Amino acid sequence: MSAPILELRNLSAGWGSAPAIREVSLTVERGEIVTIIGANGAGKSTTLMAISSILRPMSGQVLYEGADTASVAAEKLPAMGLCQVPEGRRIFPRLTVAENLDMGAYFRKDGDAVRHDMEHVFELFPRLRERRDQKGGTLSGGEQQMLAIGRALMGRPKLLLLDEPSLGLAPLIVEHIFAIIRRINEESDMTVLLVEQNANLALGLAHRGYVMETGRISMTDTAENLLQNPDIRRAYLGE
Amino acid sequence: MTPASKAMLTKIVVGAVWLFAVVWPMTGITPQGFEFGKAISIVGFAMAAVLAGLGLWKLRQKLDAAGFKPFTALANRCCGMPPWLWRGLLLAALLAFPFVSSRYGQDVAINVLVYVTLGLGLNIVVGLAGLLDLGYIAFYGVGAYTYALLSIHYQLSFWLALPLCAVMAAAAGVVIGYPTLRMRGDYLAIVTLGFGEILRIILNNWMQLTGGPNGLLGIKPAAVYLPDPENGWEFVRVLLKSPEAQYFLVLAIALFTVVSVRRLADSRIGRAWEAIREDETAAAIMGVNTFALKLLAYSLGAVFGGLAGAFFSAKMRFVSPGSFTFIESAMVLAMVVLGGMGSVPGIVLGALALIALPEVFRDFENYRMLVFGAAMALMMLFRPAGLIPAKRVGRRSEEAHS
Ligand SMILES: Nc1ncnc2c1ncn2[C@@H]1O[C@H](COP(=O)(O)OP(=O)(O)OP(=O)(O)O)[C@@H](O)[C@H]1O
Ligand SMILES: [Mg+2]
């Protein structure tokens, strides 16, 4: 069996001197959708930023496709197939929709294929096509989320990190976005690591899940089992 | 009264009161007692200017609404013209300028073009890459002293020295940028301010090389070979000493800068700079090597500062540290901000406004900086994105919703 696409080994990382996540270990196999759920401030976003090499491990390792990323600069990762949709979307507000998408393909030199991929993104999110020359900052929240996902897809990721795509969006739009995540996972065989506070939705979509509490992984199981776990239901599903 | 015009009225009243509070202590408190006339007249003039501007603006809106659109029609006609045509016309006007202008007008024009070059160079750093640089004039100084030293000690011609000045300025950009560009925002501004001052202090104290506060004398002007009609069209060496010649030289440098900066802004690199300006972390996540690109912005910006500096030193034939003070950095930055960050025509207009207008208002002399500061503040109230905002500067989502 080949190495998991992503493996964290006892990873500690943080923003100041104290680690915000401690000894986090997790694996993501190729083709899976894995979710990390947890309360505000649990350290989910910190984990993703460490995977993207924006934060450096204080101890432990990030293995991407079997190789330690400690010596890989953050800006090299998209070209290796690791792309992130950061929390709060973080699109470039004063660039147009098309320019934002272009930025997602910044490292790519295959112009024709990039144009083709942009068409594909427009097929997934037709609203973006209508607004292709509009400034990113003038889009609605849902459209910005579509743009953020589309922008990451422009890098043709093998592993897509998604940080709270449901944040602040109406249920209908969230459903639409989650359906598309499932579709790209199935059609393009793209592995997804999804961070969510909306545990119900996330566990409905994912194959497996990790629960994060105050910087540590407290539990891991298949999504179905987690959904049925009474502790999880009480803590994260509001029962 | 609509809420919008009410808000505008409040702005104007607040602006007038504020301006008065700034101007009065300096003009009104005299050993002989208090005096209000001068401050009132300055505020009056400023407000009249603002009101006139607003009036024109309103008039235009009214005319627009009435379907009478001379400006739009003109703009359409201009845009309808093939770009080469209006560019050609503009170029012709620029080339004809020294022949129809007085000596004084030529001097002002030369000054404006130097600052256009500086403004566009700084625009790469501030407008495109979004790095606040308060020490930009250091690169102007590096260019000026590089040409001065090469000319005095090695008799190097201006044309050979020019690329060397650019290289030296770029190298200075890397040397200053490498340790500082890891910082963000306010910290970067403070540190660049410090480096700008360090350079000036070095120039002041490195007596053997720079002559200290006395500066360097004996710099050669630039020279070209032109056929001489009186000498059987033989090529003779002509020194570019006359204001006309200097005008054409700096015009060439400024045009080169305009073209380069436009190309850079439209390139992949320009897009990456904008992404860094908008959100550095997001840019890194997209695969942009943020540090290398910031360093590139810094050193390319420096290149144009260096070119302008070389011209300055060839024109003055004398350099001293006094020309490279913080106030110059502030001036160039003000042009960029006033004109509209990232917009080439805006910066040209900003340079015009800040160099040519004070010449027009010579009377203000002593209050120049005051009027200047007040103009900046009022500008920020009425046109926060600059006189001619860059095209791609749209409204941020937060603004759009408010
Ligand atoms: N940019 C930052 N700078 C400094 N500290 C940060 C930063 N981002 C997060 N932190 C801190 O790291 C800790 C973990 O935060 P993190 O953002 O990883 O939580 P999270 O699980 O993503 O929460 P949420 O669900 O609210 O997004 C918190 O204590 C937070 O204050
Ligand atoms: Mg988070």
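## Where chain B meets chain A

Guide: In this predicted model, the rule finds 4 residue pairs in polar contact across the interface of chain B and chain A, with both residues of a pair at pLDDT 80 or more.

Visitor: Okay, and which elements give two or more residues to the side of chain B that touches chain A?

Guide: Those elements are helix H11 (268–278) and helix H12 (280–285) of chain B, and H11(B) provides the largest share of that side, with 7 residues.

Visitor: How do the residues on that side of chain B divide into nonpolar, polar and charged?

Guide: The side of chain B that touches chain A has 10 nonpolar, 5 polar and 10 charged residues.

Visitor: How many salt bridges cross the interface, then?

Guide: The rule finds 4 salt bridges between chain B and chain A, and one of them joins A:Glu99 to B:Arg271, whose closest N and O atoms are 3.7 Å apart.

Visitor: And how much area do the two chains bury between them?

Guide: Chain B and chain A bury about 2500 Å² between them, and 60% of that area is on carbon and sulfur atoms.

Visitor: Switching to ligand 1, how many residues surround it?

Guide: Ligand 1 is surrounded by 13 residues, the closest being A:Asn40, A:Lys44, A:Ser45, A:Thr46 and A:Glu87, and by class this shell has 4 nonpolar, 6 polar and 3 charged residues.

Visitor: How far is a polar side-chain atom of A:Thr46 from an oxygen atom of ligand 1?

Guide: For A:Thr46 that distance is 2.4 Å, while a polar side-chain atom of A:Gln197 lies 2.9 Å from an oxygen atom of the ligand. Taken alone, ligand 1 exposes 630 Å², of which the protein buries 60%.

Conventions. Residues are numbered from 1 along each chain as its sequence is written. Chains are lettered from A and ligands numbered from 1 in the order in which they are written. This is a predicted model: local features need pLDDT of at least 70, side-chain atom pairs count only at pLDDT 80 or more; totals for chains, interfaces and linings use all residues. Side-chain values use heavy atoms; hydrogens and water are left out. A residue is near a molecule or strand if one of its heavy atoms lies within 4 Å of it. A polar contact is a pair of N or O atoms within 3.5 Å; within protein, one must be able to donate a hydrogen and the other to accept it, and residues adjacent in sequence count only if both atoms are side-chain atoms. Accessible areas come from the Shrake-Rupley method with a 1.4 Å probe; for residues, only the protein chains shown count as cover. Ala, Val, Leu, Ile, Met, Phe, Trp, Tyr, Cys and Pro count as nonpolar, Asp, Glu, Lys and Arg as charged, and the others, Gly among them, as polar. Buried area is the accessible area (1.4 Å probe) that two parts lose on being put together, summed over both. A salt bridge is a side-chain nitrogen of Lys or Arg within 4 Å of a carboxyl oxygen of Asp or Glu. Helices (H or I, at least four residues) and strands (E, at least two) are DSSP runs, numbered from the N terminus.
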